[in-house]
Amino acid sequence: MIRLFGHYVSKTYLLLGLLEFLICFYALLAGFYIRFQFSSDMMPDTPYGLWVTGILYAVVMSLSMTAVGLYQRGVRFTAGLLVRIGLSFLFVSMAMSMLFYIVPDLFLGRGVMAYALLVSLGGVLALRAV
């Protein structure tokens, strides 16, 4: 157990949170490359804000998963967990849409976000299944 902000946090849940953060960060990068790989145009240069948007996406995803209670003890891989994961992804899509309107330089497109959400969902479910 590690004491973090006055609360005791299990090392296992801390590692799970870190791995899910990395999955979500790289899922946004993968979504960008998947989206423009199949385009008839040449893939655009990697925008400068892609790394910033990736970190922001991963932070919002981690906060959303924490808010719906995915890092509590005793949460088993059942239908309730799947509902919580789905709810966190819904919150992330709404939060990222608002952030894109507030800071338009970070906007990547609907296709990139759709692929990022799908890759994140697959990664998070695979990690939780393990």
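## Position of L90

L90 lies in helix α3, residues 79-102; helices here are DSSP runs of H or I with at least four residues, strands are runs of E with at least two, and both are numbered from the N terminus. With a relative accessible area of 45%, L90 is partly exposed. The classes are buried for under 20% relative accessible area, exposed for over 50%, and partly exposed in between, using a 1.4 Å probe and protein chains only. L90 and F21 are 69 residues apart along the chain, and their C-alpha atoms are separated by 17 Å.

## Basis of the model

The model is predicted; local features need pLDDT of at least 70, side-chain atom pairs count only at pLDDT 80 or more, and totals for chains, interfaces and linings use all residues. Residues are numbered from 1 along each chain as its sequence is written, and side-chain values use heavy atoms, with hydrogens and water left out.

## Overall architecture

The protein chain contains four helices and two strands. Read from the N terminus, the order of elements is β-β-α-α-α-α. The radius of gyration of the protein chain is 16 Å, close to the 14 Å given by the globule rule for 130 residues, so the chain is as compact as a globular protein of that length. That radius is taken over C-alpha atoms, and the globule rule is 2.2 Å times the number of residues to the power 0.38. The C-alpha trace spans about 50 × 30 × 20 Å along its principal axes.

Among contacts in the protein chain with a separation of 6 or more, 70% are between residues 24 or more positions apart, where contact means heavy atoms within 4.5 Å.

## Surface and charge

Of the 130 residues in the protein chain, 35% count as buried. The accessible surface comes to about 8,200 Å², and 69% of this area belongs to carbon and sulfur atoms. Accessible areas come from the Shrake-Rupley method with a 1.4 Å probe; for residues, only the protein chains shown count as cover.

There are 8 positive and 4 negative side chains in the protein chain, with the centres of the two sets 25 Å apart. Lys and Arg count as positive and Asp and Glu as negative, while His and the chain ends are not counted. Each charge is placed at NZ of Lys, CZ of Arg, CG of Asp or CD of Glu.

## The salt bridge

One salt bridge is found in a search of the whole structure, the criterion being a side-chain nitrogen of Lys or Arg within 4 Å of a carboxyl oxygen of Asp or Glu. R128 forms a salt bridge with E20, and the closest N and O atoms are 2.8 Å apart. R128 lies in helix α4 (residues 110-129) and E20 in helix α1 (residues 11-37), so the pair ties together parts that are 108 residues apart in sequence. R128 is buried at 16% relative accessible area, and E20 is buried at 1%.

S120 is located in helix α4 and is buried, with a relative accessible area of 0%. Apart from neighbours within four places in sequence, S120 is in contact with I23, C24, A27, Y57, M61 and F89. S120 and S64 are 56 residues apart in sequence, and their C-alpha atoms are 13 Å apart in space.

G49 belongs to helix α2, residues 49-67, and counts as buried at 16% relative accessibility. The C-alpha atoms of G49 and L106 are separated by 5.7 Å, although the two are 57 residues apart along the chain.
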